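Please read them with the structure open.

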Amino acid sequence: MPTDPLPRCEFDGKKLILKLNFTIPADPQEISKVVDGIMKLAADMKCADGKEFEMETALREALANAIIHGAHADAKKHIQCCVACDESLRIMIVVRDPGEGFDPSSIPSPIVGQNIYEGHGRGLFLINQLMDEVHFERGGTEIHMTKN
């Protein structure tokens, strides 16, 4: 477990039908296991009904960014993930990493100029395109994503 425990995720008193809060080692091989499990639970609860692709892709990208950029793929470090679904079937996801953070506005657009030819750098762009709301907290170490 992490030596400096991360705070629990709060979802502002919404009436939740699903709430998950867990940590995983910062190992890229953990991503598929975690996402597959979350998607199964969400599908069973009808939380991602019709939005499975968007939710799964955004979750995979957020976890990959946290593991690779925030924790430098150091399996001794941990990533926190919280997923909630409210009565209106809105999906809320929070991913936290132990990194130093970043300024999201400093990330170049992958659809401008020479960036089109880069083999990386599309994760945040995809997340912003697929989710209805995206914002960062804790100096960029925490991403909040919502799909209505």
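1. Start with the largest pocket. It is lined by 31 residues, and Asn65, His69, Phe102, Ile107 and Leu124 lie nearest its centre. A pocket here is an open set of points on a 1 Å grid over the protein atoms alone, where a 1.4 Å probe fits, with protein on both sides within 12 Å along at least five of seven lines; lining residues have an atom within 4 Å of a point. The volume of the largest pocket is about 600 Å³. That volume is the space filled by probe spheres set on the points, with grid points joined across faces, edges and corners.

2. A word on the source. This is a predicted model, in which local features need pLDDT of at least 70 and side-chain atom pairs count only at pLDDT 80 or more, while totals for chains, interfaces and linings use all residues. Residues are numbered from 1 along each chain as its sequence is written, and side-chain values use heavy atoms, with hydrogens and water left out.

3. Which elements supply the lining of the largest pocket? At least two residues each come from α2, α3 (123-130) and β5. Helix α2 gives the most, with six residues. Helices (H or I, at least four residues) and strands (E, at least two) are DSSP runs, numbered from the N terminus. By class, the lining holds eleven nonpolar, 14 polar and six charged residues. Ala, Val, Leu, Ile, Met, Phe, Trp, Tyr, Cys and Pro count as nonpolar, Asp, Glu, Lys and Arg as charged, and the others, Gly among them, as polar.

4. Now the salt bridges (a side-chain nitrogen of Lys or Arg within 4 Å of a carboxyl oxygen of Asp or Glu). The whole structure has eight. One of them pairs Arg60 with Asp36, with 3.2 Å between the closest N and O atoms. This pair links distant parts of the chain: Arg60 sits in helix α2 (residues 52-70) and Asp36 in helix α1 (residues 30-44), 24 residues apart. Arg60 is partly exposed at 24% relative accessible area. Asp36 is also partly exposed, at 45%. The cut-offs are under 20% for buried, over 50% for exposed and in between for partly exposed (1.4 Å probe, protein chains only).

5. Glu56 is partly exposed, at 26%.

6. Glu142 is in strand β5 (residues 142-147) and Arg96 in strand β3 (residues 91-96), 46 residues apart, so the pair links distant parts of the chain. Glu142 is buried, at 2% relative accessible area. Arg96 is buried as well, at 7%. Elsewhere, shared partners join Asp36, Glu56 and Arg60 into one network of salt bridges.

7. How many disulfides are there? The search finds one (a pair of cysteine sulfur atoms within 2.5 Å). Cys47 and Cys85 form it, with their sulfur atoms 2.3 Å apart. The S-S torsion is about -105 degrees, so the disulfide is left-handed. Cys47 lies in the loop between α1 and α2, and Cys85 in strand β2 (residues 78-86), 38 residues away. Cys47 is buried at 1%, and Cys85 is buried at 0%.

8. Cys81 is in no disulfide; the nearest cysteine sulfur, that of Cys82, is 6.6 Å away. Cys81 is buried, at 1% relative accessible area.
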